[in-house]
Structures are given as structure tokens and as C-alpha cells.
Amino acid sequence: MKPETLRMDERASIALRTLYRQYGYLPYQVNTFEEYDLYMRSRSMLSSEQILTFPGVNGALMALKPDITLSIVKNTKDEDVPVKVCYAERIYRVPKGADGFKEIMQTGVECIGCADDYAMGEVLLLAAKSLETISPAYILDVSDMSIVSSIVCAASSDSAVQSQLLTLIGEKNEHGLCALCKSAGVSDENTALLRSLISVYGPLEETLPAFEALALPAACLPGIKSLRVLSAMLHAQGIRSVNLDFSVINDMNYYNGLIFSGFIAGLPSSVLSGGRYDLLMRRMGRMGSAVGFAVYLDQLERLSQEKTAFDVDVLIELNGTADPVAAANAAKAYIDQGLSVRVQRAGGAKVRAAKTVCLTGEEAQG
Amino acid sequence: MKQMINIALPKGRLGEKAYGLLEKAGYPCPELLEDNRKLVFENPEAGVRYFWVKPSDVAIYVERGASDLGICGKDILLEYGPEVYELLDLQMGKCRMCVAGPKEFIDDHSRRLRVATKFTTIARRHYSSQSREIELIHLNGSIEIAPLLGLSDVIVDIVETGKTLRENGLEVMETIVPISARLVANKSGFKFKGEEIRRLVSELGKVV
């Protein structure tokens with residue numbers, strides 16, 4: 001097997017951008033730096049509170065961007081919508097459990113201005129296809145924050161209890177949820193509904209009808225109707241690895257409807273996350289609705305790849321007075337044959353080569 | 001083909017008790033109880049592979065996907081907040097996370113409270129919810145000695161019977177949260193080995 005030129009994340013990034021362009025998402029590039037003020041105003045929308053800042057030339061405090069969506073929404077005018085863009089950018093965050101900032105390669109799509117059922121279905125389809133591009137062994141978990149929050153809010157009006165309920169649902173912690181319901185005086189009917197948010201799990205097409213059959217609050221019905229449309233769209237496109245999972249929880253201040261998370265077999269945490277973020281739009285002073293997702297490419301380095309047997313096809317080792325011109329000519333001859341070549345002094349760094357050639361000064365003289 | 005489920009067990013008494021439950025639930029691996037120094041044991045017929053790991057490391061093995069499931073104390077989950085699913089309360093290893101101090105101690109709200117603990121996140125969160133300013137002193141063991149030597153006013157620690165506290169002239173002043181052993185799952189493993197894991201959870205739930 002020939003040595004691979006591109007890393008897994010680089011190959012995925014190219015393949016994903018090609019996919020997004022096929023669906024008419026135009027490339028979008030954001031500044032590496034943003035004024036810190038943008039993140040200051042939207043701190044609650046960021047997954048990490050730590051932001052890398054530095055003073056700009058005009059004295060304004062600048063930041064290395066920790067998020068892409070905020071920058072895109074900020075630069076989108078209400079009259080320009082709908083906006084369909086894709087990006088591949090580096091962000092700077094402190095991942096959970098890490099001891100410092102990390103540069104994270106992220107790619108994704110944003111559909112801003114009109115997140116109707118078609119737009120949501122298309123974004124969900126692209127999320128599934130993105131995962132499929134990375135690996136055929138994938139699962140896309142889908143939820144709807146409007147369903148989850150209406151059941152949670154019906155159970156308790158206390159925001160502290162609501163927050164704890166969301167955490168427990170996210171942990172699939174049914175025993176903890178039952179204990180909290182008991183101590184917070186949640187009714188048996190509402191406790192049963194909350195428990196169903198944990199116990200209901202499985203393929204979207206099969207699981208959604210079973211969930212619909214429960215005595216759900218009326219506020220859940222638009223979300224259910226929307227999930228039904230999305231399920232039909234994905235089915236028609238041959239997408240099967242999609243599960244209904246209400247434990248996909250995110251900030252109720254950011255997402256207000258569809259929400260999803262993607263997993264690849266062999267990787268311990270989700271590599272894709274997204275959803276509908278009308279509430280973020282409002283906070284940023286924008287009209288309309290929006291939906292999008294991000295793929296975290298840095299995680300792909302953990303995916304096992306077929307190991308190449310060799311680092312290079314040919315290793316040319318130079319001994320003694322080997323002529324540099326002869327060495328360059330020998331290297332070119334191999335490269336012209338489509339092979340990779342590394343030239344180095346004999347006894348240099350260890351390199352796995354399919355063939356090793358030694359050049360000495362004598363050949364050049366001869 | 002049956003997929004093997006990897007389970008991280010905490011070394012020690014709690015791990016042995018947890019294995020007893022798993023064995024009862026239909027996931028035996030007799031070699032595990034033999035007197036040897038092996039750390040990995042498997043029973044392909046039952047579809048399980050067990051690992052002995054340090055109790056405080058169980059959640060790390062599970063969160064990072066080295067293990068699909070693990071048994072760990074609620075104290076570890078609260079302290080480190082790993083991104084895992086908490087599927088069952090095993091109702092064993094029961095104890096309490098408490099604030100304890102000298103019997104004669106009277107809390108003086110006009111100054112910062114000095115708190116010695118191994119569980120800094122839990123302590124910080126507890127006092128933050130009370131809007132109380134504290135000075136945290138992180139210790140790795142023998143926490144009970146801190147108030148006796150004047151290093152701290154109180155301690156935040158796990159209390160099982162309270163015997164160690166009593167013998168050192170301390171008493172429980174407040175219970176923060178009850179603790180017991182929990183079955184936790186890696187989020188990705190739960191998706192890709194879902195059927196096997198849900199069956200194990202169901203069987204284990206019957207014997208808890």
C-alpha cells in the first residue's frame with residue numbers, strides 16, 4: 001500500500017466540502033480574529049467560557065474565535081436571507097478535561113433565515129451523509145428541544161429543578177430523575193412522561209409512533225409533526241442509521257427545536273452536533289430561523305487507519321563523497337516513475353522504505 | 001456475532017461486590033476471583049471482558065471509550081463530571097458526602113470558611129449554592145487531621161459509619177449528597193453495542 005499523503009481529517013474535510021457544495025452551500029470564510037465584545041455579549045451561547053484574547057492594534061480587545069456560528073450570524077443581514085453556507089475553520093477552545101487551549105478543526109453548514117421543514121430535513125440529511133462519508137458505521141441521534149422543554153416545563157416551574165431534570169435526561173439517569181421528581185413533588189403523569197424521555201430510544205421511524213402514542217402535552221405536537229416530516233424525508237433518501245434519543249440535550253437558551261448529535265464507531269464521543277437555533281438569532285438581533293451543524297475533525301485522528309507498510313518507496317542513502325547532482329538525478333528518476341523518494345546521509349534517521357539504494361562518490365566518478 | 005462488552009471494575013471490595021451482582025445477572029467470569037495478578041479477564045460465552053482499575057480511574061476509562069461500562073461511586077461522577085450515561089444505581093457502597101468539623105466548632109460567617117477536602121469541585125459547588133466564600137485546601141488523604149492541626153475549619157469528605165470522625169473528635173455538620181455505586185456507560189458504546197448493553201442493564205436491574 002502506498003504511503004498516504006493526506007491525513008484522515010484532511011481527506012474528510014475535502015470530501016465534506018465537496019458534499020456541501022453539491023447541495024448548493026456556498027463556501028464562507030470568517031476572520032481568524034473577532035472583537036471580544038461579540039463573545040462577551042453571547043457568553044452563555046458558548047460551550048466553553050474561556051476565550052483566548054489579545055489587544056488589537058487599535059486598542060480593542062480581540063479574540064481567537066471559539067465558535068463559527070456566532071461570526072456567521074453576526075455578518076448575515078436580514079435582507080440577504082436565506083443564507084446557505086459551508087465552512088472549514090479552526091477554532092480555539094479549552095476542551096473539557098484539557099489543561100489548555102486547543103486548536104480544533106471544524107467544518108459544517110449553516111442555513112440561516114428560513115429553517116422550514118425542507119431546510120431542516122436537508123441539514124439533517126447532510127449531517128447523516130457527513131457521518132457516512134467518514135465511516136459507514138455511524139449513528140445520528142435526533143431530538144427536539146421543544147418537546148423536551150415542554151415536558152420539563154410542564155413538570156416544574158422551578159428553573160433550578162428544570163435545569164436538574166435536563167441534566168438527568170442527558171445522563172439517561174432514570175433513578176436520579178425519579179428521586180428528583182419525588183422530592184420536587186412532580187405528578188405521577190409528568191414523572192412518567194419525563195421517564196419516557198430516557199426510555200424511548202431507537203430507530204426514528206419505529207420509535208416516533210410509539211412516543212406519539214403517549215399522552216403528550218399539546219406544546220409537543222408541532223415538534224412531533226416536524227420530526228415525522230424529517231423521518232419521511234430521511235427514509236426517502238435511504239438514510240437508516242438515525243435514532244430518536246431525547247438525551248441529546250443542549251442549552252435551552254440556544255436551541256429551540258430540532259437538535260442532533262452524530263457518533264462514529266470507534267470514537268468515544270460525538271463528532272457532529274447541531275440543531276435549530278432561532279433563539280441565538282433573536283439574541284443577536286436577527287429575524288427568522290436558522291439550522292446548522294459542525295463536524296469536529298480533530299477527533300478523527302483516533303480512527304484506525306490501515307497502516308502503510310513503508311514511509312517511502314525508495315530510500316537513497318548517500319555515502320562518503322556522493323555527488324549531490326547524481327543524487328538529485330537518481331531521485332528524479334524514481335519520482336518520474338510515480339514513486340516517493342527520500343534522500344539522506346547513510347546512518348541517518350530510521351525510515352521504512354520498500355527499496356534502499358546507496359550512492360557513493362564512485363558512481364558519480366564512474 | 002455477539003459483541004463483547006468491556007466493563008471496568010474498581011479494584012477492591014466494591015468491585016468484588018459489583019462483580020457478584022454481574023455474575024448473578026448472568027455475566028460470570030470465574031477466573032476474575034482467582035488469586036493472580038492479571039488485570040483483564042474475559043468470558044466470550046457471556047460476552048463480557050472485565051478490567052480491574054483504580055476506583056477513581058473507572059470514569060476516565062469509560063468516558064474515553066476504553067471501556068463500554070464501568071462501576072464507580074457517585075462521588076467520582078460529581079467531582080469530575082465525566083461525559084457518560086449513568087444507567088443504574090447499584091444500591092451498594094452506600095455512604096454520604098458530608099461537611100464535618102470539630103464538635104465545638106461554631107461557624108463564624110464574618111470570615112471566610114477554610115475547607116479541607118479531596119473533593120474540591122463538590123465543596124466549591126456546595127458553598128457556592130449557599131453564597132458562602134471559602135478558602136479551599138486540597139488534600140489527598142487523612143483529611144480528618146486538617147481541623148485538628150488548625151489547617152482548616154471544616155472538611156468535606158465521604159462518611160460511611162462516622163467512626164473515623166468520632167475517633168478524631170469530629171462530627172457531621174451537614175450532609176451534602178448521598179453516595180452509592182453507579183453503572184455508567186460510554187455514550188458511543190451505548191449506541192453501537194446498544195442491544196447488548198440494554199440487556200445487561202435490564203438483567204442487572206433485576207438483581208440490584
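Q: Which strands form the open sheet in chain A, and is the pairing parallel or antiparallel?
A: In this predicted model, three strands of chain A make up an open sheet, in the order β14-β13-β15, and the pairing is parallel.

Q: What holds strands of a sheet together in general?
A: Strands of a sheet pair through backbone hydrogen bonds, and the pairing can be parallel or antiparallel.

Q: Which strands stand at the edges here?
A: β14 (341-345) and β15 (353-359) of chain A do. Each has a single partner strand, so one side of each is left without a neighbour in the sheet.

Q: How many degrees are neighbouring strands turned against each other?
A: On average 20°, with direction ignored.

Q: How many bridges join β13 to β14 in chain A?
A: Five bridges join β13(A), residues 312-318, to β14(A). As one pair to look for, A:L315 has A:R342 in β14(A) as its bridge partner.

Q: Which helix lies across these strands?
A: Helix α12 of chain A, residues 324-336, lies across β13, β14 and β15 of chain A. Helix α12 runs at about 170° to β13(A).

Q: New topic. How many disulfides does the structure hold?
A: Zero, over all chains. A disulfide is a covalent bond between the sulfur atoms of two cysteines.

Q: Is A:C220 buried or exposed?
A: A:C220 is buried, at 0% relative accessible area. Another cysteine, A:C358, is partly exposed, at 40%.

Q: What does A:E122 form a salt bridge with?
A: Its partner is A:K84, and the closest N and O atoms of the pair are 2.8 Å apart. A:E122 lies in helix α4 (residues 117-134) of chain A and A:K84 in strand β5 (residues 83-93) of chain A, so the pair ties together parts 38 residues apart in sequence.

Q: Are those two buried or exposed?
A: A:E122 is buried, with a relative accessible area of 3%. A:K84 counts as partly exposed, at 27%.

Q: And what about A:E174, which residue does that one pair with?
A: A:E174 forms a salt bridge with A:R195, with the closest N and O atoms 2.9 Å apart. A:E174 is in helix α7 (residues 174-184) of chain A and A:R195 in helix α8 (residues 188-199) of chain A, 21 residues apart. A:E174 is partly exposed at 24%, and A:R195 is partly exposed at 34%.

Q: Which residues are linked in a network of salt bridges?
A: One such network links A:D141, A:K172, A:D245 and B:K191.

Q: Last thing. Where does A:D67 lie?
A: A:D67 is in the loop between β4 (61-64) and α3 (69-74) of chain A. A:D67 counts as buried, at 7% relative accessibility.

Q: Which backbone nitrogens does its side chain reach?
A: A polar atom of the A:D67 side chain lies 3.0 Å from the backbone nitrogen of A:T69. The side chain of A:D67 also reaches the backbone nitrogen of A:L70, at 2.8 Å.

Notes
Residues numbered from 1 in each chain as written. Chains lettered and ligands numbered in written order. Predicted model: local features only at pLDDT ≥ 70, side-chain atom pairs only at ≥ 80, totals over all residues. Heavy atoms only, no water. Disulfide = S-S within 2.5 Å. Buried < 20%, exposed > 50% of the residue type's maximum accessible area, 1.4 Å probe, protein only. Pairing = 2+ DSSP bridges. Helix = DSSP H or I, 4+ residues; strand = E, 2+ residues; numbered from the N terminus. Axes fitted to C-alpha atoms, helices over the stretch in contact; angles between N-to-C directions. Contact = heavy atoms within 4.5 Å. Salt bridge = Lys/Arg side-chain N within 4 Å of Asp/Glu carboxyl O. Polar contact = N/O pair within 3.5 Å; in protein donor to acceptor, adjacent residues only side chain to side chain.
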